[in-house]
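Me: I want to learn to read a fold from coordinates. Can we go feature by feature?

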Amino acid sequence: MKKLISALLILSLLMTAVSLAGCGTTKECEYDSFIDTLKGADTVTACIYGDEEVYYDLDVTDEFTELFNGEFVKSDFKNGNKLLTVTVSMQYEICFFEDGCAMIYYGFCGVFDSDRQYYSYKLDGGINALTEYILSNGTISEQEDK
C-alpha cells in the first residue's frame, strides 16, 4: 500500500511539473522578438477582416515597421473581433483585435511552451494608420487559401 501511495504521489508531482512547464511563453511571442523578425523580413502577408477576409502581400520597409511602434503590455485575451493580421513567416504572426488586444502567435514552439501571447496595445499612429498603409502599399494576394 505504501508503494502505491508513493507511486501516486510521484505521478502527481510529475504531472504538476509538466503542467507548470507548459505555462511559459516561447521567446518568439515576445513583442521585441517579433519586431526583430519583422525588420529582417523582405515581405509579409497581411489580412484585413471585414465582410470577407482580403489578403495583401507587401514589402517590409522602415515606414511599415515603424507603424508597429507603441505600447504593448502583456494581458489576457478579451474576446474581440479580428481587425487585421500580419504574417511574417509560416506560423509566425501578429493579430490585432477591435478591443485593443493583440496576439503574437508562433506555431513552432516547443511542447512545453505556449504558442501565443496576448497584449493590450496602443500603436503610436493607431491601427487605422497600419490598415491604410496595407491598403495603399499592398497588392491583393493571388493565393485564395491562406
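Reply: Start with strand pairing. The model is predicted. E2 and E3 pair in the antiparallel sense, over six bridges. A hairpin of five residues joins E2 to E3.

Me: Which residue in E3 is the bridge partner of Ile48?

Reply: Val54 is the bridge partner of Ile48.

Me: How many bridges join E3 to E10?

Reply: Two bridges join them, and the strands run antiparallel. Two strands count as paired if there are at least two bridges between them. Tyr56 stands opposite Ile140 in E10.

Me: What is the order of the strands in the open sheet?

Reply: The order is E4-E9-E7-E6-E5-E2-E3-E10, eight strands with antiparallel pairing. Strands E4 (70-75) and E10 (139-140) stand at the edges. Each has a single partner strand, so one side of each is left without a neighbour in the sheet.

Me: Which helix packs on the sheet and touches E4?

Reply: Helix H2, residues 31-40, does. H2 also touches E2 (43-48), E5, E6, E7 and E9 (116-123). For orientation, take the angle between N-to-C directions. The direction of H2 makes about 115° with that of E6.

Me: And what does helix H4 lie across?

Reply: H4 covers residues 127-137 and lies across E2, E3 (54-59), E5, E6, E9 and E10. H4 runs at about 60° to E5.

Me: Back to pairing. How many bridges link E6 and E7?

Reply: Five, in the antiparallel sense. E6 spans residues 92-97 and E7 spans residues 101-106. Glu93 stands opposite Tyr105 in E7.

Me: Now single residues. Is Thr85 buried or exposed?

Reply: Buried means under 20% relative accessible area. Thr85 has 4%, so Thr85 is buried. Thr85 lies in strand E5, residues 82-89.

Me: What does the side chain of Thr85 make a polar contact with?

Reply: The partner is the side chain of Tyr49, at 3.0 Å. Beyond residues up to four places away in sequence, Thr85 touches Thr45, Ala46, Cys47, Tyr49, Glu93, Ile94 and Cys95.

Me: Where does Leu67 lie?

Reply: Leu67 is in the loop between H3 and E4. Leu67 is buried, because its relative accessible area is 18% and the cut-off is under 20%.

Me: What is Leu67 in contact with, leaving aside neighbours within four places in sequence?

Reply: Leu123, Ala129, Leu130 and Tyr133. Now set sequence separation against spatial distance. Leu67 and Leu123 are 56 residues apart in sequence. Their C-alpha atoms are 7.1 Å apart in space.

Me: Zoom out. How many helices and strands are in the protein chain?

Reply: Four helices and ten strands. Along the sequence, the pattern is α-β-α-β-β-α-β-β-β-β-β-β-α-β.

Me: What share of the 146 residues is buried?

Reply: Buried residues make up 36%. The protein chain exposes about 9200 Å², with 51% of it supplied by carbon and sulfur atoms. Of contacts with a separation of 6 or more, 60% come from residues 24 or more positions apart.

Key: Residues are numbered from 1 along each chain as its sequence is written. This is a predicted model: local features need pLDDT of at least 70, side-chain atom pairs count only at pLDDT 80 or more; totals for chains, interfaces and linings use all residues. Side-chain values use heavy atoms; hydrogens and water are left out. Buried means under 20% relative accessible area, exposed over 50%, partly exposed in between (1.4 Å probe, protein chains only). A polar contact is a pair of N or O atoms within 3.5 Å; within protein, one must be able to donate a hydrogen and the other to accept it, and residues adjacent in sequence count only if both atoms are side-chain atoms. Contact means heavy atoms within 4.5 Å. Axes are lines fitted to C-alpha atoms, for helices over the stretch in contact, and angles run from 0 to 180 degrees between N-to-C directions. Accessible areas come from the Shrake-Rupley method with a 1.4 Å probe; for residues, only the protein chains shown count as cover.
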